[in-house]
Structure formats: C-alpha cells, structure tokens
Amino acid sequence: MTQTLPATDTKRRKAAAAAHADPGSRSVERFAYLFVLPALALVVVFRIVPLIWGLGYSFTDYDGMSAPRFVGFDNYIGIAHDPVFLDSLVNMLILLATLPIWIGLPLVLAILIHQGVPGGRLYRAVYFFPAVLSSVIVGAIFNVLLRYDGSFNLFLKALGFSAVDWLGNSSTALFSLIAVQLWSTFGMSLLIFLAGLSTVPSDMLEAAKLDGAKLTQTWWYIVIPSIRPIIEFAAVVTTIGMLTSMFGLIYVLTAGGPGTSTILPEFLIWLEQGKMNRPGYASAISMVLFLMMGGLAAIQIRIMSRNASI
C-alpha cells in the first residue's frame, strides 16, 4: 500500500532535484532561450505593442492629427448601429460558411495525389503555384478574366450562355471573390495534407486492401482519422487567413462593391482609417475583429482538444 507524501515533502524533493541538476543541462536550456528571444522580441514589438495601442485608441475620438479625445465606449456603440459594419459581418458569415470547401477540396486532391494518380508531381506544382503569387497579381489576372467582356464570359457565350457580370452584380460578386481567394490559397493546405498523409502507416493501408476494403472506406475509416489533427490545424489556420488575408484581393477586384456586397471587416478598417480618417473608430473595429477571431480559434482549439481526448 503506497503512502501519499505531503505537499511540502514533494516540494522539497523537487527543489533538491533542481539543486542537483546537471549544470550542463541548465546552460543548454539558457542557451536555447537565446534563440527564442529574437522571435519573442519581434512578437512583442510588432504584435503586442500595436495591439495595446489600438485598444487605447479604440476608446478615443482620434483623427491622426489632433490629440486623442477619450470618448469611452462611443466607438463600440457606433459600430453596433453601423449598417456597413453589420453588412460586413453578414459577408463574413457567408465566407465562413464556405470553410468546408476550403478544407475538403485540398484534402480530396491531396488524397488522390497520395494514392499515386498519373502526373501527381505535376499536379502538386500546378496547384501550389498560385500560393506564391501576391494577392495584387491574382486580382489583376482575374480582373481581366471576370470582367463583363472578359475571357470567362467569352467562353460562356461560345457555349450558348449569356454573359454574367461576375464582379458588378451584388449577388455574384462576393462568391466570385471567394472563389478567386480559394484558387489562390488552397495549394498551401494541399501541401499540409500531403505532409500529413505521408505519416499514415502503410501497413494499415495494406491490411485494409487485403481485407477487401473499398477505396472510399479506406479513406473514411483509416486515412482521415489518421490525419484528423492535421485537418483541424488546417481549419484553424484557414479560418484566420479567411478573415485577415483578403484585403488585397478586395481592393483590386471590387473595392468593397457593388454597394457593400464584398466589404469584410478587415477592408472596412482600411476604409475608416484611410478614407474616413477615423483611426479611433477603425481601432474599435480592429478590436472587435480580433475578439471574433480569438473566439473562433478558441472554439476550434477546444474541439480539437476534446477530439484528441476521445
């Protein structure tokens, strides 16, 4: 029968172990911290400090010229009644609703390439190539393709269909924008999934094949569960990217229009900061967007942790 040691004895033993620890291991640990410090300094200077400044400005009426004037929660109250901001939230929800496509498409393509389809290496290079292009270049390309007299409409007319105003119609502009962003970014998720698939034990796949499992059954019951942490990680990263990396594309393709049909919170921040000259109001929107992103990431991480413990 084991006897539980008092908490004080446990603390003494830990202190004694720390005192008699190998001095070499402590020096290695201190040396390792030196490699962390530069990255930590960059995060503090370019992330934490601006975040604190933005939080402070969000409670002020500030135009970038005169001294900030404290207004309390007036900016946040104004945001709650701002129809443009509310429209941007609706657009954001529509964007987030397409997340399964952003994850499912590269996952299916990664599985097909991993299964050894002919030309897999070529497909890998072709799919990843758009990810190295800047959003301005991608926007310029699709601005030519999607305009009313562009290549897409010429192709539709050749097939006997009528032309579509992809970027000038409020019912199609946001979905066109989402499709372009998906095309330009899913190559990164594809590489992540290919790396995850390389860790799936080959003996499990061989055993499933010998047992007569169909290809779809192998994917669903073996491959996908094996890379579930990779899928969940990609979902978190993709969600954050969807909310923070579409400014350049919106600016080049639609400038938020027609109307407010393609305005997202990140683009509205620029409008309030750059065009309306209201840094305080823009900071308040930034804080709201930051909280929404943090909440979504926390929910996804909580789900990931719960699934890992099952």
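**Pockets, aromatic pairs and backbone features of the predicted model**

By class, the lining of the largest pocket comprises 10 nonpolar, 5 polar and 2 charged residues, where Ala, Val, Leu, Ile, Met, Phe, Trp, Tyr, Cys and Pro count as nonpolar, Asp, Glu, Lys and Arg as charged, and the others, Gly among them, as polar. The structure is a predicted model, in which local features need pLDDT of at least 70 and side-chain atom pairs count only at pLDDT 80 or more, while totals for chains, interfaces and linings use all residues. Residues are numbered from 1 along each chain as its sequence is written, and side-chain values use heavy atoms, with hydrogens and water left out.

A pocket is taken, on a 1 Å grid over the protein atoms alone, as an open set of points where a 1.4 Å probe fits, with protein on both sides within 12 Å along at least five of seven lines, and its lining residues have an atom within 4 Å of a point. The volume is the space filled by probe spheres set on the points, which are joined across faces, edges and corners. The largest pocket has a volume of about 580 Å³ and is lined by 17 residues, of which Arg-47, Leu-51, Ser-286, Met-287 and Phe-290 lie nearest its centre. At least two lining residues each come from α2, α14 (265-275) and α15 (279-308), and the largest share, 7 residues, is that of α15; helices (H or I, at least four residues) and strands (E, at least two) are DSSP runs, numbered from the N terminus.

The second largest pocket holds about 320 Å³ of space. Of its 16 lining residues, Thr-185, Met-188, Val-237, Thr-238 and Gly-241 are the closest to its centre. Two or more residues of this lining are given by α9 (173-197) and by α12 (228-244), with α9 giving the most, 8 residues. The lining of the second largest pocket has 9 nonpolar, 7 polar and no charged residues.

Aromatic pairs were assigned to rings of Phe, Tyr and Trp (its six-membered ring) with centres within 6.5 Å, planes under 30 degrees apart counting as stacked, over 60 as edge-to-face and the rest as tilted. By this rule the count comes to 12 aromatic pairs. Phe-59 and Phe-73 form an edge-to-face pair, at 5.3 Å centre to centre and with 90° between the planes. Because Phe-59 lies in the loop between α2 (23-57) and β1 (60-61) and Phe-73 in the loop between β2 (69-70) and α3 (74-80), the pair ties together parts that are 14 residues apart in sequence. Phe-59 also forms a tilted pair with Tyr-76, at 5.5 Å centre to centre and 45° between the planes, and Tyr-76, in helix α3, is 17 residues apart from Phe-59. Elsewhere, ring pairs link Phe-247, Tyr-251, Phe-267 and Trp-270 into a cluster.

As a general point, most residues other than glycine have a negative phi, and most peptide bonds are trans. In the loop between α13 and α14, Ala-255 has a positive phi of about 55° although it is not a glycine. A cis peptide bond joins Gly-257 and Pro-258, with omega about -5°, and Pro-258 lies in the loop between α13 (247-253) and α14. Asn-277, in the loop between α14 and α15, likewise has a positive phi of about 55° without being a glycine.
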